[in-house]
Amino acid sequence: MAFSERIDRLKSSLIREILAAAQRPEVMSFAGGLPAEPMLPKVDWAQMPTSMGQYGMSEGEPMLRELIAAQARELGIQCEGSQVLIVSGSQQTLDLASKLFIDPGTEVLVEAPTYLAALQAFQLFGAHCLEVPQEADGPELGVLRQRLEQHKPAFAYLIPTFQNPSAVRYSEAKREAVAALLDEFGVTLIEDEPYRELVFDQGSATPIVSRLRSASWIYTGTVSKTLLPGLRVGYLIASPDLFPYLLRLKQSADLHTNRIGQWQALQWLGSQRYNEHLAELRDFYRLRRDAMQAALVEYFSDLATWETPQGGLFFWLALRQPLDTRTLLKPALEQDVVFMPGEPFFSEPDRHPGYLRLNFSHVAPERLGEGLRRLAGVIRDALAV
Ligand code: PMP
């Protein structure tokens, strides 16, 4: 069969395979980034105008675009509704940006670790991903500068607020420094922020795109983590030089994002009941985060180190002894536990053994301790400690 050259670069997502294996109800899954089922808001379809079933505009629903622009301006992002494109989840932003920037061999900058489905999207188009190591307060600036001096990346893809998978939130100082470096070298920023609103502890910091003076940018967000991932509604906001290209790419991809989901998102975003829902969500997840922290202290203290996440959905564990965590999946599943190995979050997986990502939003607190006890046992067996 004569497929495109690209198809050889298409790796199946490990996480999708794990989630498929974890369908059995007795399995305790720390693998996905799924919202807690009891916290999915009940949506009301009865009021939806029939016209929402008609074709719509590629840009998205005008009122939703205006609302998103207004909220972005509150975060300090200078933009108009005309710069907002409603997309089929922020994953589509990554696909459209890949189509805009990447030819085989194009260099792009990514954090190490970074979101595995972003790597998958970039690599499908043949990107060569340059890693910048992540520290507790953001990227290692010396390495970032070095990469920018020695390469000409098409863009930097960053997740500065409660990163997936590391949960890192960039400090103010690093946000400033990153913006200054991207301006200095004229490198486009793609800033991905699905977790900004899932904050449990202190307040939030301004997006990096709002600090840029001259570099081009794309800022992307989603309703997946705070409302309903099944709606498949996300958005991108782009600097005016990029927007027309992204719009045409959107047209050629799927004409427009589903209007039914957009209508539903519009009923919620910015409303009083959305703010109440967010407050409940934060309280609910904070409790689950605390439950996982307590269980980790009990079962993992001698096995791994970690920072307590102040937002987002994940703990990122570094094992005290390196081990290819992919080899733990099968024995863990035999114990009815699944987790996400760390390797796929790096563009060079084999160079970074010994990390695990654990989602804390999905498993109920009363089962969580048992799940982590079993997982620790699997790791101890593998390390023979
Ligand atoms: N970016 C990051 C960093 C994510 O964690 C996710 C979801 N796991 C996405 C993008 C995609 O989200 P969406 O459901 O909006 O496509």
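Q: How many residues does the largest nonpolar core hold?
A: This is a predicted model, where local features need pLDDT of at least 70, side-chain atom pairs count only at pLDDT 80 or more, and totals for chains, interfaces and linings use all residues. Residues are numbered from 1 along each chain as its sequence is written. A core joins buried Ala, Val, Leu, Ile, Met, Phe, Trp, Tyr and Cys through C-beta atoms within 7 Å (buried: 20 or more other C-beta atoms within 10 Å, C-beta placed from the backbone). Val 108, Phe 155, Tyr 157, Leu 189, Leu 236 and Ile 237 have the most contacts inside the largest one, whose residue count is 62.

Q: Which element gives this core its largest share?
A: Helices are DSSP runs of H or I, at least four residues, and strands are E runs of at least two, numbered from the N terminus. Five residues of the core come from the leading contributor, H4.

Q: Which aspartate is in contact with Tyr 157?
A: Contact means C-beta atoms, placed from the backbone, within 7 Å. Beyond its neighbours within four places in sequence, Tyr 157 touches Val 108, Leu 109, Val 110, Thr 114, Ala 118 and Ile 190, and also Asp 192.

Q: Which strands stand at the edges of the sheet?
A: The open, mixed sheet of eight strands runs E2-E9-E8-E7-E6-E3-E4-E5, where pairing takes at least two DSSP bridges. Two strands have a single partner each, so one side of each lacks a neighbour: E2 (84–87) and E5 (138–139).

Q: What is the bridge partner of Tyr 219 in E9?
A: Strands E8 (residues 217–222) and E9 (residues 234–238) pair antiparallel over five bridges. Tyr 219 has as its partner in E9 Ile 237.

Notes:
A residue is buried if 20 or more other C-beta atoms lie within 10 Å of its own, exposed if 12 or fewer, and partly exposed in between; C-beta atoms are placed from the backbone. Two residues are in contact if their C-beta atoms, placed from the backbone, lie within 7 Å.
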